[in-house]
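Here is a friendly briefing to read alongside the model. Please keep the sequence and the 3D view open as you go.

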Amino acid sequence: MGSYVTEFRYIALTIPGITEEEQLDRFCEGLKPQINLEVLKSNATTLSDAVRVALNVDSALYGMRAGA
C-alpha cells in the first residue's frame, strides 16, 4: 500500500492542473475494493485524509498477514 501511495503522489505531481478532487477520485479508484469502501465511508475530503484512512485500513486488514 505504501508503494501505491508514493507512486500515486509522484504521478499526480506530473499532471498539470489536477485538482484535489480529481486526485481523491483517482486515488480511490486504484484501491482494493474493501479499502476503497472504507475510504468512501470515512467521507475523506482531501487526498491526505484518504491516504491516512487507506493506510490504516490496509494495516488492519492485511498487516497481520505480512508476519505470518
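Rings of Phe, Tyr and Trp (its six-membered ring) pair if their centres lie within 6.5 Å; planes under 30 degrees apart count as stacked, over 60 as edge-to-face and the rest as tilted. With that in hand, ring pairs link Tyr4, Phe8 and Phe27 into a cluster. This is a predicted model, in which local features need pLDDT of at least 70 and side-chain atom pairs count only at pLDDT 80 or more, while totals for chains, interfaces and linings use all residues. Residues are numbered from 1 along each chain as its sequence is written, and side-chain values use heavy atoms, leaving out hydrogens and water.

**Aromatic rings**

- Three aromatic pairs turn up in a search of the whole structure. The rings of Tyr4 and Phe8 are tilted, with centres 6.2 Å apart and planes at 45 degrees.
- Tyr4 and Phe8 are four residues apart in helix H1, so about one helical turn separates them. Helices (H or I, at least four residues) and strands (E, at least two) are DSSP runs, numbered from the N terminus.
- Tyr4 is partly exposed at 23% relative accessible area, whereas Phe8, at 12%, counts as buried. Buried means under 20% relative accessible area, exposed over 50% and partly exposed in between (1.4 Å probe, protein chains only).
- Phe8 and Phe27 make an edge-to-face pair, 5.5 Å centre to centre with 70 degrees between the planes. Because Phe8 lies in helix H1 and Phe27 in helix H2, this pair ties together parts that are 19 residues apart in sequence.

- Beyond its neighbours within four places in sequence, Phe27 contacts (heavy atoms within 4.5 Å) Tyr4, Val5, Phe8, Leu47, Ala50, Val51 and Ala54.

- Ile35, Asn36 and Val39 are the buried residues of H3. They share one side of H3 because they cover an arc of only 100 degrees around the axis, taken from the directions from the helix axis to the C-beta atoms.
- Pro33, Leu40 and Lys41 are exposed on the other side of H3.
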